[in-house]
Amino acid sequence: MKFREQTAKKKSIRQIAGMFLAVTVLLAGSPYIAEAAEIVKDMDGTAYAQDAAGFVYQIPKGATTKKGCSIYMYTGEKSTVIFPAKCNSYVVTNIGTNLGQLILTNLQTVKIPSGYTTIETQAFQNQTDLYQIEIPASVKTIGIDAFAGCNKARLTIVTPYGSAAETYAKANEIHYSSQTSLQIQAGYSKLYVGESRSIVVLNASVAPVWKSSNSSVVSVDADGRLTAKKAGTVKITATIGKKTYTYPYTVIARSQKNVLDIIWNHYVTSGMSDYEKAVATQQWMQQNVSPNGTSVLAQKALEQGKANYKGVCEAYQLIMKHYGISAKVVNGKKHMENSVVIAGKKYTASTLETSANADKTYTTTTIPGLAVNRVTMVLSKGRTGTFKVTGQSKGITWSSSNTKVAVVNASGKVTAKGTGTAKVTLKVNGKTFACTVCVNP
């Protein structure tokens, strides 16, 4: 019985969509007003409507203007699309599941207005031409497969820093930015022999064409990934449309010092939390150092890209020591590896990334034995957040460099007052450590 009901429902939805397609044809060239979209009800009480732009809305049974409705289908032909804020009196809050299967064109750019809260799973799946999507801070939930099948080398999520969309982009390895303009992130101008790195291009309407002036020094593939082959100098060019951009690189022979400098400046950086530093170091080691060598020295692991397991572990510890993070060799199930201490808790480095209980926010400070739950806080005006510390509970004082932007109380609670940036400093035993607060409008 349930199968028959589901089949009937799918059939009725297809019929509704077909009606709307016909209406769109009739209204082509007419002064159609979106607010006057005709509403048609399905058998289960769910309502559907379509505007002249080709957006089909799904209005759940019992919906109110505050609860809002979803975008169900897009039947328009435009590749550059601004999603609607309302359907009649209903506020649009969701982009529905499987919308990607019901978009009848190849989207290139999408702008979602403020007020949307949810982008459901597979919403933009297989939109391989999509290179830019603007997602507001109001969106709090994004389905894990919302961009499945999209070209991640081309796609940029444009969103305010600190938003849920930024967190989603990081977790799913999608490029992100706070701006819609073309950006080319060429990175550090020095590479060591054997290093691979990508030049990231954001918001490009066409795929860049890459070229190396000397591929025996540095080669570059179609996605902008560089591979340093031998010491020397080279120019890498990216042609985007009618413009060409040139970036010089110097390849240097490996030494322990220059490899560590590159790691600390560009892979495991001071802006990361301790968790992020530990995970990034583990990832870098897996990608750049083989455990098939014979040396027990960190120097050989870094300079030659291989050592035995002890040498690999020693190199990991050397990177972590730079940030005051404790790591040491332990006997693993198959071979020796590292344990790492974050906010007073010990973890196995190789399983840290998948640990459900790992503390992912605390960062070791320059004050011995003290860690803080975040070094950067992003708030909207009027919102609050709290800096928390471990390793010390008494004698801590807090202060703000700009109380017009943010104020902080004796417990580390921050209240955002106005747009801008402020330094919030904790002080204990005569020593200080500064955190940053960014306030959005």
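Welcome to a predicted model, in which local features need pLDDT of at least 70, side-chain atom pairs count only at pLDDT 80 or more, and totals for chains, interfaces and linings use all residues. Residues are numbered from 1 along each chain as its sequence is written, and side-chain values use heavy atoms, leaving out hydrogens and water.

**The chain as a whole**

- The secondary structure comes to 6 helices and 35 strands, taken as DSSP runs numbered from the N terminus (helices: H or I, at least four residues; strands: E, at least two).
- The C-alpha trace spans about 75 × 60 × 50 Å along its principal axes.
- Of the 441 residues, 44% count as buried (under 20% relative accessible area, with a 1.4 Å probe and protein chains only).
- Take the contacts (heavy atoms within 4.5 Å) between residues at least 6 apart in sequence: 46% of them join residues at least 24 apart.

**Aromatic rings**

- The structure holds 7 aromatic pairs, counted when ring centres of Phe, Tyr or Trp (its six-membered ring) lie within 6.5 Å.
- Phe-124 and Phe-147 form a stacked pair, because their ring centres are 5.7 Å apart and their planes stand at 10 degrees; stacked means planes under 30 degrees apart, while over 60 is edge-to-face and the rest are tilted.
- Phe-124 sits in the loop between strand 9 (118-119) and strand 10 (132-134), and Phe-147 in the loop between strand 11 (141-142) and strand 12 (156-158), so the pair ties together parts 23 residues apart in sequence.
- Both Phe-124 and Phe-147 are buried.
- Ring pairs also link these two with Phe-55, Tyr-74, Phe-83 and Tyr-168 in a cluster.

- Strand 18 pairs with strand 21 (residues 232-240) in the antiparallel sense over 4 bridges; pairing takes at least two DSSP bridges.
- Val-209 stands opposite Thr-239 in strand 21.
- Thr-237 also lies in strand 21 and counts as buried because its relative accessibility is 18%.
- Beyond its neighbours within four places in sequence, Thr-237 is in contact with Val-209, Trp-210, Lys-211, Thr-244, Tyr-245 and Thr-246.

Terms used: Buried < 20%, exposed > 50% of the residue type's maximum accessible area, 1.4 Å probe, protein only.
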